[in-house]
Amino acid sequence: MRTPDATASWIKARAAALGFDECRIAKAVMLEDDAHRLEDWLHSGYGGTMNYLERHFDLRVDPRKLVPGAKSVITFLMNYFPAETLPEQAPKIARYAWGKDYHEVIRERLNILLDQMRAEIGDITGRGFVDSAPVLERSWAVRSGLGWVAKNGNLIHPKKGSYFFIATLITDLELPEDAPFQTDHCGTCTRCIDACPTGAIVSPAVVDARKCISYLTIELKEAAMPTGFEHRNDDWMFGCDVCQEVCPWNRFSSPHRQSEFLPVPEILSLSTSEWEQLTEDQFRKTFRDSPISRAKWKGIQRNLKAIRKDDSIPPSS
Ligand code: SF4
Ligand code: SF4
């Protein structure tokens, strides 16, 4: 029988074999401080129309309520930084969305890992989450020592930057916890705050989603963008990477190793006018397995209109 340390090492080795770049462990406890921060953020209205974030609040801040008997939260990082670059004539799309839907890719790997753990360790309860509303993934990443929540609101790994998906596996298996990350390496830098085209970073690590291009181009389901948005969207059609692009910690980013995250060919080839000409049917077929499908064809067409700004209208303040 393995010691808990040996079991943790075995899990980390399996995670690496499944393509995860990092895997670390924290004890499953209630996230008191994070609960207060989340509550303040929601009460400030910064969540916009994402009302679902208010639901099941108690489950979100306590993994033991989400997975009864939970003892450990295992957090994984998977790099998505692409080797390719978007051609000049293509509308801008956040890098995380260039390949296959990461929810499916990562969920499948988490399920494989859970099966392997059960086969090796025995009857354990576990549930995997990826970019999922019920779990405060960045908080778990910090608690398990993977990095800090930076001024742009992203988790930054000190050696690998921020172009990562974060996933968690909550389990009733008791495992030795890794040391938390206790420092903040943003220092006096304000590049992300200064560069954000819409002023969405209202204070360090606090993003007002209602102003954020990422939220506006993906989550907002209104037929039209807020007034003046077309002058501030910096030509982003889906998502926004500005606050990651300017971050000095991302000079360490290196290309991912996942074939599933290779760009859908059309992302690298379609010009703005070709995107505008895509029919709903063509869009559905081409982007069926892509995160871009989340915005739906109508949302993409609305976003394209905002890119095609009429420069005769003065920018609103
Ligand atoms: S994603 Fe873009 S709009 Fe949102 S905070 Fe970052 S830079 Fe600003
Ligand atoms: S750009 Fe500067 S302030 Fe912003 S996240 Fe990166 S290091 Fe922190």
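The shell around ligand 1 comprises nine nonpolar residues, one polar residue and no charged residue (Ala, Val, Leu, Ile, Met, Phe, Trp, Tyr, Cys and Pro count as nonpolar, Asp, Glu, Lys and Arg as charged, and the others, Gly among them, as polar). The model is predicted, so local features need pLDDT of at least 70 and side-chain atom pairs count only at pLDDT 80 or more, whereas totals for chains, interfaces and linings use all residues; side-chain values use heavy atoms, with hydrogens and water left out. Residues are numbered from 1 along each chain as its sequence is written, and chains are lettered from A and ligands numbered from 1 in the order in which they are written.

The residues around ligand 1 (a heavy atom within 4 Å) are Cys196, Pro197, Thr198, Ala200, Ile201, Cys212, Ile213, Cys240, Val242 and Cys243. Cysteine 212 is buried, at a relative accessible area of 19% (buried means under 20%, exposed over 50%, partly exposed in between; 1.4 Å probe, protein chains only). Zero disulfides were found in the whole structure (cysteine sulfur atoms within 2.5 Å).

An open, antiparallel sheet is formed by four strands in the order 1-2-7-4 (strands are DSSP E runs of at least two residues, numbered from the N terminus; a pair requires at least two bridges). Strand 1 (22-27) and strand 4 (126-130) each have a single partner strand, so one side of each lacks a neighbour in the sheet. Strand 2 (residues 72-79) pairs with strand 7 (residues 164-171) over eight antiparallel bridges. Phenylalanine 76 has alanine 167 of strand 7 as its bridge partner.
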